[in-house]
Amino acid sequence: MRTPIIRCIMVTALALTGFIAAAQIIDKEQMQLRAAERVEQLADYIELMADKSIPAADRMEVSEQALHLFVGCGDAYEENGRILNGVIMEVTSRWRKNPIPRPIKKYFTGLINLKYNHVKINGANVSTIKVSDLRKRPDGTYSCVCTFLQEFIGYSREGKVLLRDTDRKSVTCIISVDETEWGIEYVVKLGDVRVVED
């Protein structure tokens, strides 16, 4: 008599475990998708900042909006009890062997003030961004790394390509899980953007 009851309890427990595991997979996939969307948003902002057909004042406004994508909004921030100087963006140069780290605010200002007559930057979109597995951090947030290709093309006044460069970049994404009255929300902030050496 007890065997069917025990069997029923075990089947129910296994089913619940399966549902919980499935929910966690969906959550992880949603977090990874949200991180990729945030990186795509950054790529869109970068393209706008480099577009010389847009007035400089408007591009400066775009850079202010883009800073809100980052941990600390481009300023110093605290992580694990340490004060960090602010998020950096690594860039490459024909004249230097190693990537150059630039504070994100200086990177954005430099992007807006590039000396090329016309600049095109092809960035990432969600379908091409590679997202690593999630890692739970001691503070309860999650992190992952998104990797994408970024192509830079600088043109002369005559339309001649003066510089074409493609970098593989990786950006650390910090994801916090917030419970709201409408459900769970994944808030993604971007960390350092680094050049991935081949």
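Which element gives the most to the lining of the largest pocket?

A: The element is β9, which gives five residues to the lining of the largest pocket. Before the details, two remarks on the basis of this account are needed. This is a predicted model, in which local features need pLDDT of at least 70 and side-chain atom pairs count only at pLDDT 80 or more, while totals for chains, interfaces and linings use all residues. Residues are numbered from 1 along each chain as its sequence is written, and side-chain values use heavy atoms, with hydrogens and water left out.

The pocket comes first. The search uses a 1 Å grid over the protein atoms alone; a pocket is an open set of points with protein on both sides within 12 Å along at least five of seven lines, whereas a cavity is a set of points where a 1.4 Å probe fits but cannot get out, and lining residues have an atom within 4 Å of a point. Grid points are joined across faces, edges and corners, and a volume is the space filled by probe spheres set on the points. The largest pocket holds about 630 Å³ of space. It is lined by 22 residues, of which V91, T92, L114, F152 and L163 are the closest to its centre. Two or more lining residues come from each of β3, β4, α3 (104-112), β8 (142-155) and β9 (161-180).

These labels follow DSSP runs, numbered from the N terminus: helices are runs of H or I of at least four residues, and strands are runs of E of at least two. The chain has three helices and ten strands, in the order α-α-β-β-β-β-α-β-β-β-β-β-β along the sequence.

The strand β9 also has a partner. Two strands pair if DSSP finds at least two bridges between them. β9 and strand β10 (residues 183-195) pair in the antiparallel sense over eleven bridges. They form a hairpin with two residues between them, and D178 stands opposite E185 in β10. Two other contributors to the pocket lining, β3 and β4, are likewise paired: strand β3 (residues 88-93) and strand β4 (residues 96-103) run in the antiparallel sense over five bridges. Two residues lie between β3 and β4 in their hairpin, where S93 stands opposite R96 in β4. As a general point, the side chains in a regular strand alternate between the two faces of the sheet.

The cysteines deserve attention next. A disulfide is a covalent bond between the sulfur atoms of two cysteines. Here the term is applied to a pair of cysteine sulfur atoms within 2.5 Å, and the count by this rule comes to zero. The sulfur of C146 is 3.8 Å from that of C173, its closest cysteine sulfur, and therefore too far for a bond. For C144, the closest cysteine sulfur is in C146, at 4.5 Å, which is also too far for a bond. Burial is judged by relative accessible area with a 1.4 Å probe and protein chains only: buried means under 20%, exposed over 50%, and partly exposed in between. C146 is buried at 0%, and C144 is buried at 2%. In the chain of 198 residues, buried residues make up 34%.

A further buried residue is R137, with a relative accessible area of 13%. R137 is found in the loop between β7 (135-136) and β8. Contact means heavy atoms within 4.5 Å. Leaving aside neighbours within four places in sequence, R137 is in contact with E79, Y142, S143 and I174. Across the chain, residues 24 or more positions apart account for 57% of the contacts with a separation of 6 or more.

Q32 belongs to helix α1 (residues 2-50). Not counting residues up to four places away in sequence, Q32 touches V131, S132, D133 and L134. A polar atom of the side chain of Q32 lies 2.9 Å from the backbone oxygen of S132.

Finally, D51 lies in the loop between α1 and α2 and is partly exposed, with a relative accessible area of 24%. The C-alpha atoms of D51 and I112 are separated by 8.1 Å, although these residues are 61 residues apart along the chain.

Note on methods:
Polar contact = N/O pair within 3.5 Å; in protein donor to acceptor, adjacent residues only side chain to side chain.
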